[in-house]
Amino acid sequence: MAIASAAPLMAMNGALKMATNSQSYLEVQDNSIPKPQQLIVISPSGVQKERMVEEDMYVLSAPLATSYPHKPPKYSDCAPLFLKVQLNHRYHDATVKFNQFGLDWTTTTHGPIPNSNGALSSIQNVKMSAKAGALASNGDIEPLRRCIVLDIEGTTTPISFVTDVLFPYARDNVGRHLDATYDLAETQEDIELLRAQVQEDLENGVAGAVPIPSNDAGKEKVIAALVKNVEAMIKADRKITALKELQGHIWQTGFKNNELEGVVFDDVPEALERWAASGIKVYIYSSGSRLAQRLLFGYTNYGDLRKYLCGFFDTTVGNKKETKSYHEITASLGVDHPSEILFVTDVYQEAIAAKPAGLEVIISVRPGNGPLPDNHGFRTVKSFSEI
């Protein structure tokens, strides 16, 4: 069957049949709809179904012509798998939506969810929008969210903890760490990353960069040069992968030896628990390495908070002040539209970068954060309880 002349699928209502591998199809329509009104969606052979986009699908009316030499469509061999995914997806979305509206999906009446003492949940007091979520504390309509991506410094955690605790610990222990772990493959990888970064810095005339001798010069000379470069990078607050990877490994020792304890604002644990209970997936995006992020949230003053987090993004996905980084995150999270992602940060330049990617953006205003430009145009919050 020729399908090139069929219009690409953009949006459809009513009944559908999924056709895969040219003339294979999966029936997903409501049979109560008359057959002449049913549609068949066809994709070309060779297209990976998990990567299909709108332009890969074509809509035809049913039934299809079956006269010679054409053959009638057959059910896709993957039909059982597709049906299972469809049913699970619908079940998950339904239960999440019930939770978001404060309704108990486990009962036949779907009444309000009582809290531990039998009273109605506070979410029952929130007026709901038909198209979106709840009313915000300021009366604005909150958009529907599936994911929340959080910055760390100045958002979940005081800037002072990073600048006055974590950075000094890494600076003061870089020599000891390199000396104790020099022969480990992990440390050698860190050293090679730093070599490459320092070479680039030297070529660009970056202040504080000094040449790192080859291993033939001896361990002590190599470490001494590394320490000088790392100290200069920390002082300049460089947001570079080479530094962040090494810092993460240094902090790992500190957290595991109880020399460090992560700090989060008092409203963070409750918010993480509330969002998770509502079916919202929460992620972290920080310039710190993913290891460092897991350590901070795994060893906090409120215990291990990683159970509320679904993943971690660092500078390997891109610079936080570049829009393409947020396109990458959106693709990784698999939402239908980037507006279903809320990004919370304290940095105006990061907010500016995320907005063109289609994300909803809120700026976090915490004690110790830097000033924001006048008329910056973003919603601000002083606590996660406002979200």
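**Ground rules.** I am reading a predicted model, where local features need pLDDT of at least 70, side-chain atom pairs count only at pLDDT 80 or more, and totals for chains, interfaces and linings use all residues. Residues are numbered from 1 along each chain as its sequence is written, and side-chain values use heavy atoms, with hydrogens and water left out.

**Whole chain.** I found nine helices and 11 strands in the protein chain (DSSP runs: H or I of at least four residues for helices, E of at least two for strands, numbered from the N terminus). Of its 387 residues, 44% are buried.

**A helix pair.** I then turned to α3 (residues 185–204) and α5 (residues 241–256), whose axes come within 8 Å and cross at roughly 155 degrees (axes are lines fitted to C-alpha atoms over the stretch in contact, with angles from 0 to 180 degrees between N-to-C directions). That makes α3 roughly antiparallel to α5, a label for angles over 145 degrees. On the α3 side, the contact (heavy atoms within 4.5 Å) is made by E186, D190, L193, L194 and Q197. On the α5 side, I noted A242, L243, E245, L246 and H249.

**Two loop residues.** I went back to N375, which sits in the loop between β10 (360–364) and β11 (379–381). Phi of N375 is positive, near 55 degrees, in a residue other than glycine. N258, also not a glycine, has a positive phi of about 60 degrees. I placed N258 in the loop between α5 and α6 (268–277), and N258 is exposed, with a relative accessible area of 69%.

Notes. Buried means under 20% relative accessible area, exposed over 50%, partly exposed in between (1.4 Å probe, protein chains only). Angles under 35 degrees count as roughly parallel, over 145 as roughly antiparallel, 65 to 115 as roughly perpendicular and the rest as oblique.
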